[in-house]
Amino acid sequence: MLDDVENKPHSPVAGVYRTSIPYWRMLTDQAAITQEVLDYDYHGSGTEEDPYSVSWIPNDPRNPMQFSSMRKMTITFIVAFSTMIVSLTSSAYSGSIKEVVAYFGVSSQVATLGLSLFVLGFAVGPLLWAPLSEVVGRQVPFFCSFFLMTVFSAGCAGVQNIWSLLILRFFAGAFGSSPLANGGGSISDMYPARQRGLALSLYAGAPFLGPALGPITGGFLSMNASWRWVEGFLAASGALVWLLMAVGVPETYAPLLLRRRAARLSQITGKVYRSKIDIDKPRMPFTRLLAVSLSRPWVLLLREPIVTLFATYIAIVYGTLYMLFAAFPIVYEQTRGWNPGVGGLAFLGVMIGIIIGVVCTIPANFHYMRVQDAHNGFAPPEARLMQCMPAAIAIPISQFWFAWTNHPSIHWSVSIIGTGPFGFGLILIYLGVMNYLIDSYTIYAASVLAANALLRCIFGAVFPIIATYMYDGLGIHWAPTIPAFMSLLCMPAPFLFYRYGATIRTRCKYAAESHRYLLKLMEDAAQQRSSLGEKSGLKTEPEEPVATPESVVMGEKGREIDALR
């Protein structure tokens with residue numbers, strides 16, 4: 001009967017399209033389906049006891065994995081661009097600090113709080129956006145996040161006192177941090193595991209290019225207009241990204257899409273449909289998700305040595321990057337007499353290093369694929385640390401280079417060139433460590449990344465504040481030498497964990513638990529393949545033992561991580 005109604009041209013069923021879903025309906029109706037989806041033979045009986053199990057059908061037009069290459073590239077570009085704008089908004093303020101000091105009559109330390117509080121918002125915001133994305137998906141948090149960031153940035157342009165500016169900057173950072181929490185998840189929604197690494201590598205360069213571009217933009221704009229124009233420009237940039245998100249990024253979170261599809265099918269047919277993901281793993285209440293997102297990152301950070309060490313390493317490097325926003329004005333503007341615009345150009349060395357680092361991630365990903373193939377598709381997590389080794393050496397060399405060549409008697413280009421290896425090492429260390437933690441803590445990946453983000457953003461907030469005191473008390477040589485020694489202490493970590501990481505992980509509670517869970521998934525997958533082979537009458541070879549006990553099932557890993565996001 002339903003088919004008869006659907007096939008009548010003048011009485012279509014709402015939300016059901018004959019062959020394909022129009023683009024604008026894909027943006028506005030997350031439950032839109034085609035006739036083929038409606039007619040598909042789902043497993044189950046359609047009752048409360050045995051509901052129809054809804055999953056993607058072959059060539060499903062709403063499956064993000066089946067999007068065209070052009071659409072995937074467009075969404076990836078918009079998400080990466082949004083991340084760059086957020087990070088640029090954090091750092092562009094540093095180019096106008098001198099103007100803020102003069103306008104409000106405050107110290108440079110107080111004015112620098114506008115930078116630090118924005119970065120602190122990066123630590124607070126994801127605690128809300130990450131669990132919220134599991135309930136309402138990616139699209140709504142993106143839309144709301146950039147709208148609110150735009151509002152608060154516009155408010156910064158019109159404030160009449162320093163405290164209002166600092167408070168609004170904090171809220172702009174907290175509400176604008178959604179792409180930092182969910183941007184990588186959106187890309188992972190669209191790409192299979194083997195393609196995901198390259199897409200994420202290109203995306204990951206955006207949050208580091210933004211901080212390098214920010215001081216240049218903010219410096220010239222504040223110098224030729226005023227600090228209010230800097231905030232106005234940032235508000236306009238946020239509004240642009242908000243529009244791009246609204247018209248260019250549909251929902252990509254598969255659990256939510258399948259949940260909405262099941263509800264639409266139940267509404268149309270009167271039968272009971274449930275998402276296969278919800279049947280296999282019932283949804284956690286939002287309050288419980290929020291409680292876990294607030295507590296588990298701290299547990300992992302304090303109790304897991306792997307997480308503690310690498311989170312500290314990344315935090316030191318990230319904090320050093322944001323320390324440069326306070327250090328460069330001292331080294332190049334106060335000491336050499338440069339104006340804020342030209343002083344911002346000093347970040348070109350870091351930016352070029354970051355670009356080179358992003359390019360180097362491409363052969364690094366191909367190397368990982370070769371290791372994966374050599375281990376029967378199950379690469380050990382330590383394979384991710386190969387790219388960290390040259391980066392771990394480059395970072396302290398760059399920091400010492402800058403620290404002892406930044407005197408006015410030495411040509412300015414020498415110290416700026418010296419910051420290039422820091423940008424190169426920054427991106428390689430960040431990506432290598434993030435992937436290593438994801439591979440080592442698959443079922444706890446979301447919490448591990450949250451723990452890393454918390455510590456990273458705290459360091460990024462604190463380092464710019466203490467930088468002025470360090471440079472005033474220690475001078476322009478010894479002040480940057482301190483983080484250089486800190487990076488030097490962390491330098492052996494990738495080498496040691498590449499050699500002994502497998503043993504260390506077996507002695508860490510959550511890493512070992514994740515490893516056991518994945519071994520069980522591997523055994524279940526092997527049994528299913530064997531069972532299917534027997535049913536089809538095919539002779540199946542016994543499963544070869546995995547080369548190392550640290551191997552992971554890449555496909556299941558991706559699904560578990562996406563479920564946790």
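**How two helices cross**

In what kind of crossing does α4 pass α8? The crossing is left-handed, a word used when the near helix is turned anticlockwise from the far one by less than a right angle (clockwise would be right-handed). Helices here are DSSP runs of H or I with at least four residues, numbered from the N terminus.

Helix α4 covers residues 69-92 and helix α8 residues 139-157; they pack at about 25 degrees, with axes 13 Å apart. That angle makes α4 roughly parallel to α8, since angles under 35 degrees count as roughly parallel. Axes are lines fitted to C-alpha atoms over the stretch in contact, and angles run from 0 to 180 degrees between N-to-C directions.

**About the model**

This is a predicted model, in which local features need pLDDT of at least 70 and side-chain atom pairs pLDDT 80 or more, while totals for chains, interfaces and linings use all residues. Residues are numbered from 1 along each chain, and side-chain values use heavy atoms, without hydrogens and water.

**A nonpolar patch**

Phe220, Met223, Val342, Leu345, Leu348, Ile352 and Ile356 make a nonpolar surface patch of about 510 Å². Patch residues have over 30% relative accessible area and no salt bridge, with nonpolar side chains joined within 5 Å. Two or more residues each come from α12 (206-224) and α19 (348-374), and α19 gives the most, with three.

Ile352 is found in α19. Ile352 counts as partly exposed at 49% relative accessibility, as that class lies between buried (under 20%) and exposed (over 50%), using a 1.4 Å probe and protein chains only.

Trp412 lies in helix α21 (residues 412-418) and is partly exposed, at 40%. Trp412 and Ala346 are 66 residues apart in sequence and 8.9 Å apart in space, C-alpha to C-alpha.

Methods
Patches are made of residues with over 30% relative accessible area and no salt bridge: like charges are joined within 9 Å, nonpolar side chains (Val, Leu, Ile, Met, Phe, Trp, Tyr) within 5 Å. Accessible areas come from the Shrake-Rupley method with a 1.4 Å probe; for residues, only the protein chains shown count as cover. A salt bridge is a side-chain nitrogen of Lys or Arg within 4 Å of a carboxyl oxygen of Asp or Glu. Angles under 35 degrees count as roughly parallel, over 145 as roughly antiparallel, 65 to 115 as roughly perpendicular and the rest as oblique.
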